[in-house]
Structures are given as C-alpha cells and as structure tokens.
Amino acid sequence: MLRWGIVGTGDISDRVVSDLIAVEPASVAGVWGRTAERAQAFAADHGVRFATEDRAELFARADVDVIYIATPAATHADIAIEALAAGKHVLIEKPIAESAVDAARIFAAARAAGCFAMEAMWMRFNPLHVELIDRIGSGLLGEVSSVRAGFGTPFRARGRVLTPAQAGSALRDRGIYAVTLSHWFLGEPSRILASGTFEADVDVSGHATLEGRSGFAQLSWSGTEFLDLSASVAGERGWVTIAPMFWAGTRASVHAGSVESIFGSPQAVEHPRAGNGYRPMLIAVADAIESGLLEHPWHTHADTLAVSRAMDQILFEM
Ligand SMILES: NC(=O)c1ccc[n+]([C@@H]2O[C@H](COP(=O)([O-])OP(=O)(O)OC[C@H]3O[C@@H](n4cnc5c(N)ncnc54)[C@H](OP(=O)(O)O)[C@@H]3O)[C@@H](O)[C@H]2O)c1
C-alpha cells in the first residue's frame, strides 16, 4: 500500500483525501497545514494519524511515500522540489506551476531524485475520457478537424473565492482543461490566436483558437460569467459532444457510425462517477509508482510541458 502525505488543507485536499480513504482507509499517513490548528482539524476530519505545520517534518517521515500538493499554483514548484529533495514522489494539483519553466524545474528535480512526478490532471483518467480517447484514436471520427470547449463560472460561485487575485489565473485554473482536451486530439498548436480580459493583473476570462496538426480548437474560459460547460470533438466521420461539465464528464453523445446516429439518435455513452471523481487517477498513480515508473504514460512530463507552453503563449497573446 502506498502511503500519502498531504500538503494543503483546502477544498480540493478535502475532496481528494475523501477519495483516497474510500479506496484504502489507512493510505493517508500525514497532513501539513499552514497552521497547526488547520492541520489538526483536517486530520481529525479524515482520521489521519499525523498533522504538522512544519513541511520538512512531513517530508522526513519514513511512513510517507508520496506527497500530494494542493496549495495555490504559485507555491507548487518550490514545495514539489522540497519534497523531491527529501526523496518523495509527488502528485501536484493543476496547474502544475505558473509557467512552463517552473514545470520543467519540477520534472528536472524528479529525474535527479529518481522519483515519480505528475500533474493531477484527473480528467485524463476519468473513465468517460479514457473511452473517448481510445475510440477517437481508433478512428471513430476519422481525422479530428475541430475541438470546442468552454469552462466559465463566476469565481464567486465557489463561495470562498471572492477576488480574481485570490482565484489566480482563470486560464490556468479553468482554461487548462480545454487546452488539455485540445492537445489530446490536435497535438501541440503551431499557431495561437487569443484575447481576454484582466482585473488587477489577473486574467479573468479569455478565448483562443489553437491551430493544431489536423485542425483547430476554439476554447473559452472565464471566472466572471458562465460559459457553456460542454465540449465537442469533430472529424470527417462525425462528432462527439461531452455533456457539462466536460472536464468531469459522465455523459457523451456519439454522432458517428451511421446516418441514423449522426443525424437522428446519437449513441449515448455513460460512466457514473465514483466518489468525487479522483479515484481512477489516484489508483493509476499508485500503480505507476509501485511499478517503478517515474511518469505516467497517460499524462507524461512532455504532455504537461506542452500544455504549459501553450498557456504561456496564450497569456502572451492576450
Ligand atoms: N483537481 C480539481 O478538481 C481542482 C479543483 C479546485 C482546485 N484545484 C487546484 O488545487 C489547488 C488548491 O486549490 P483549492 O481550491 O483547494 O484552494 P484552497 O481551498 O484555497 O486551499 C489552498 C490550501 O493552500 C494553503 N495556502 C494558501 N496560501 C498558501 C501559501 N502561500 N503557501 C502555502 N500554502 C498556502 C491554504 O491554507 P489556508 O487554509 O491557511 O489558507 C489551503 O490549505 C490549486 O492549484 C487549484 O487549481 C484543483
């Protein structure tokens, strides 16, 4: 059994640790919080046996194999590099860092330490997306010619995030899922056109066209208003629509295979969510580490770096 140390006691840590414990009740060995009180409260809520406000103490523990990092993106690189230097594997919340340069620093540190490192891109392990990647890769739609995806919800809809500065980049927080989806089917873009709005130096909404190997993606994201939260992938033989919320999708419609299913009744694909949706990724990471892998073949360092570079370029164009 792989033993986890948790860095951060916020919203997403709470949801991910609930899924970890559901898979294996004794798998969480310790938690770090910014104050001893928050760390202890989180440990008490989840039945975790060790809590600390000293990260070095968590990273030095012999009963911790892998560190899950769920603090704001600006802190990810330094914390991940600290954990790797202590010989721990790392799973780092999305976005892995605030630039491709920082993402590359993390992966270089992981290689030097001989440890596993991955961005927690749970969408890649979601059973619906796994099926769609497989079927579209096997020619379901022919050559993919377009991707469309949107992720817009007001920051304030999350309740505790009240300002753009607190939420961070809307592109890196929300648009990342759309950019990642586009990379799966169209590869790294050769050209990017982008536009957006900023508040207090934080990008709060935007849209972009990414021209890829066989077509284009039209992507939008926002932290100030709602956007259609669905996505679609189309090609010469039909299209697939992923129902909202596309990044956490459980339902898709396949308009391909016959005239009837293209224009009449599309094929419904459904994969009910287990727990909060993170279990497939957590199980995949544990399997990869136990097999001695240093990166996961479904979400490699190169995959993360390509998306990070695209987001850097989008922000530059905006
Ligand atoms: N995979 C997903 O579905 C998903 C969903 C949402 C967010 N995320 C990602 O998860 C990460 C955390 O998001 P969240 O929504 O959980 O945020 P959150 O609820 O605000 O929690 C952030 C955690 O980091 C701590 N923290 C704040 N500032 C820090 C600093 N400067 N240095 C070290 N720790 C600090 C906070 O401590 P205090 O409690 O003391 O403030 C809290 O424990 C982000 O990268 C975000 O993009 C992923």
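Reader: Which residues come nearest the ligand in this predicted model?
Author: Gly10, Ile12, Arg34, Thr71 and Glu93 come nearest, out of 19 residues around the ligand.

Reader: How do the residues of the shell divide into nonpolar, polar and charged?
Author: The shell holds 6 nonpolar, 7 polar and 6 charged residues. Gly counts as polar in this division.

Reader: Which helices supply at least two residues of the shell?
Author: Helix 1 (11-23) and helix 4 do. Helix 1 gives the largest share, 3 residues.

Reader: What makes strand 1 and strand 4 a pair?
Author: Two strands pair if DSSP finds at least two bridges between them. Strand 1 (residues 4-7) and strand 4 have 4 bridges, in the parallel sense. The two strands therefore pair. Trp4 stands opposite Val66 in strand 4.

Reader: What joins strand 4 to strand 5?
Author: 4 bridges join strand 4 to strand 5 (residues 89-92), and the two run parallel. Ile69 stands opposite Ile92 in strand 5.

Reader: In what order do the strands form the open sheet?
Author: The order of the 6 strands is 3-2-1-4-5-6, with parallel pairing. Strand 3 (51-52) and strand 6 (117-119) are called edge strands because each pairs on one side only. Strand 1 also runs parallel to strand 2 (residues 28-32), with 4 bridges. There, Gly5 stands opposite Gly30.

Reader: Which way do the residues of strand 4 point, and are they buried or exposed?
Author: Val66 and Tyr68 point one way, Ile67 and Ile69 the other, and all are buried. Buried requires 20 or more other C-beta atoms within 10 Å, so each of these four residues reaches that count.

Reader: Which residues have the most contacts inside the largest nonpolar core?
Author: Among them are Ile67, Tyr68 and Ile69, in a core of 91 residues. Helix 8 (residues 170-186) gives the largest share, 9 residues.

Reader: Why does this core lie between domain 1 and domain 2?
Author: Domain 1 (4-122 + 278-296) and domain 2 (127-270) both give residues to the core, so it lies between them.

Key
Residues are numbered from 1 along each chain as its sequence is written. This is a predicted model: local features need pLDDT of at least 70, side-chain atom pairs count only at pLDDT 80 or more; totals for chains, interfaces and linings use all residues. A residue is buried if 20 or more other C-beta atoms lie within 10 Å of its own, exposed if 12 or fewer, and partly exposed in between; C-beta atoms are placed from the backbone. A residue is near a molecule or strand if its C-beta atom, placed from the backbone, lies within 6 Å of it. A nonpolar core is a set of buried Ala, Val, Leu, Ile, Met, Phe, Trp, Tyr and Cys residues joined through C-beta atoms within 7 Å. Domain bounds come from an automatic or database domain assignment.
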